[in-house]
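This briefing concerns the interface between two protein chains. Please examine the sequence and the structure before reading on.

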Amino acid sequence: MRILVFSHYPDLAAELVSAGSGLGDVSLLATSDMREAVSGIKGAREILICEGVESGDQETLVELISGLASDFDVILLSGDRRGRELVGQVAHRVGGSSAVDASGLSVSGGNLIVERMTFGGKAIAVEELALPAVVSVQKGKFKPLEEGEPSIREISPPSMERRIQVVERREKPKVGVPLDKADIVVAVGRGFRRKEDLKLAYDLADVLGGVVGATRPVAADLKWMDEEVWIGISGVRISPKLLIVVGASGQQQFAAGIMDSKVVVAINNDPKAPIFEQSDYGVVMDLYEFLPVLTEKLRKLKGV
Amino acid sequence: MDIAVLIKQSLDVQELRVDQDTGKIYVEDAPTKAGDIDLNAAEEAVRLKERLGGKAVALMLSTWGSSGRRQKEAREALTRVLAMGLDEAVLIMGEGAERADTYVVAKALAREIGNRFQLVLAGEGSEDNFSGLLPARLAAELGWPYVAYATSLEVEGDVATVTRSLEDFEEVVKVKLPAVISVTQEINKPRVPKLMEIVKARKKPMDAKNFSSSEEPKVRIRELRVPKVERKRVIIEGDKDEAAEKLIQALKEEGVI
Ligand SMILES: Cc1cc2nc3c(=O)[nH]c(=O)nc-3n(C[C@H](O)[C@H](O)[C@H](O)COP(=O)(O)OP(=O)(O)OC[C@H]3O[C@@H](n4cnc5c(N)ncnc54)[C@H](O)[C@@H]3O)c2cc1C
């Protein structure tokens with residue numbers, strides 16, 4: 001099988017090469033502005049470098065990847081937002097099948113078999129995809145390879161009329177310790193009444209040496225966090241040793257992002273909140289009463 | 001300018017029951033509804049139409065079979081967005097639609113859209129599957145540009161200015177219409193229709209069409225299973241001091257603090 005992989009993120013591109021190498025011969029595509037960034041990636045047969053295309057130009061990327069597709073059976077993209085934006089467009093352009101967020105890939109009977117989460121995380125679907133198949137791969141599922149020096153091949157850009165023009169880009173603040181790498185996470189929800197009150201959660205995280213994450217409404221709608229990162233099916237999936245969920249209801253789309261946590265604690269004043277179903281330890285109490293006490297006791301314990 | 005809004009009849013995943021022990025997923029028992037983010041797309045269409053004139057039409061292709069209950073739910077979902085202010089709805093259902101994948105649905109919706117609309121709005125992902133594949137495929141089928149993850153949207157003449165939210169940055173793009181644009185939950189707060197508006201919405205045109213397609217789906221679901229998540233579900237009792245101490249004790253025993 002011939003596999004084409006592309007991601008805007010070099011670390012994810014390395015994971016895709018690894019995912020693809022389990023299926024066949026991998027070609028890694030990069031735009032010329034990514035030349036340096038992908039040069040250390042191992043395990044692909046070749047790296048295709050396209051001159052004259054900028055990685056931020058989604059419209060041209062659709063054209064470029066679709067144009068290359070006839071030489072490949074499977075195209076793997078990454079599960080970030082721009083990756084997902086490409087999947088459906090490329091799949092349709094090449095008359096292929098598609099799936100997003102694959103956590104497992106294999107080949108059987110001339111089809112690509114994909115495992116992925118569905119129903120907001122309540123089920124895992126095993127799907128049979130006709131070839132050619134275009135699939136985005138879940139972050140963190142495949143370990144980058146350590147061997148295999150690829151050859152480099154330069155390719156020319158597609159010529160096309162562009163209808164989308166990027167007029168401005170505003171960087172978002174960078175996250176300190178990424179949530180998906182943290183050992184201890186305190187996750188805050190709309191149970192907090194004011195942005196300033198999040199200090200209660202930061203204090204708790206500080207004593208434990210953890211980081212603070214949030215539900216989508218707190219991060220993206222209220223914009224109470226310094227950086228716009230949330231936990232859940234449309235954000236990041238986390239896998240800490242300890243997760244303390246405070247004032248979040250535990251709706252399915254959030255719950256899907258915490259399933260791989262080792263120990264989950266929930267603090268919520270509504271005994272019927274679904275989060276208690278998703279937790280190992282639950283405390284039914286007002287967070288404003290409980291958090292200061294918990295933090296203080298932990299502080300004494302840790303002597304900090 | 002006429003706008004089409006894609007409304008998916010989504011499984012209400014919050015209500016979906018799964019049995020960890022038997023692995024059974026009670027899909028048939030769970031209700032369906034218009035996806036939450038679809039309501040944001042509907043709201044945005046109503047706002048644009050109020051400013052720019054033209055019609056805003058809801059399009060739904062129901063893939064849940066034609067049982068009385070699922071039909072009723074589909075109509076309820078559409079009535080809801082009509083009550084928010086959309087003008088008309090088109091409901092496509094029938095034999096074969098249950099097997100349709102995004103490839104087949106995109107083809108069928110593109111036939112319905114033709115050149116009747118200048119803008120198609122959708123949610124960034126559906127409530128029950130969250131793949132975001134359909135608007136992307138639809139754009140490719142129509143040969144229109146696609147911009148996803150809109151957090152704000154302005155239209156002037158035949159150009160839409162979209163602010164979109166990506167992981168590392170926000171991007172402002174200008175896109176030439178016709179186009180397909182998908183929106184996030186943050187773009188607006190969907191209005192909650194009043195009872196009177198719901199009553200009136202029942203009189204708005206709802207065009208029921210028969211699904212027909214010669215295309216074969218490219219994806220087949222082989223199996224659905226329940227992920228294993230073992231949780232202890234211990235509720236810690238006592239006043240705040242006792243509860244805090246018991247919790248700390250438990251976490252020590254787990255070896256996580
Ligand atoms: C397709 C789709 C994708 C989505 N993706 C995500 C996602 O990735 N991540 C995500 O988080 N959401 C996502 N959502 C939104 C999700 O459905 C929920 O709306 C959201 O997770 C709820 O956030 P919350 O728990 O902060 O708020 P709420 O649901 O409002 O919960 C607040 C909780 O705080 C409790 N509370 C209130 N006051 C106190 C107090 N004083 N002390 C203790 N507890 C208190 C309440 O009992 C309640 O349970 C998505 C939705 C859709 C439709």
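With which residue of chain A does Arg220(B) form a salt bridge? The partner is Glu128(A), and the closest N and O atoms of the two residues are 2.9 Å apart. The model is predicted: local features need pLDDT of at least 70, side-chain atom pairs count only at pLDDT 80 or more, and totals for chains, interfaces and linings use all residues. Residues are numbered from 1 along each chain as its sequence is written, chains are lettered from A in the order in which they are written, and side-chain values use heavy atoms, with hydrogens and water left out.

**Extent**
- Chain B gives 80 residues and chain A gives 89 residues to the contact (heavy atoms within 4.5 Å).
- About 7,700 Å² is buried between chain B and chain A, 55% of it on carbon and sulfur atoms; buried area is the accessible area (1.4 Å probe) that two parts lose on being put together, summed over both.

**Charged pairs**
- There are 14 salt bridges between chain B and chain A (a side-chain nitrogen of Lys or Arg within 4 Å of a carboxyl oxygen of Asp or Glu).

**Strand pairing**
- Strand β15 (residues 281-284) of chain A pairs with β13(B) in the parallel sense over two bridges; pairing requires at least two DSSP bridges between the strands, and strands are DSSP runs (E, at least two residues) numbered from the N terminus.
- Within β13(B), Val234(B) stands opposite Tyr281(A).

Methods. Helices (H or I, at least four residues) and strands (E, at least two) are DSSP runs, numbered from the N terminus.
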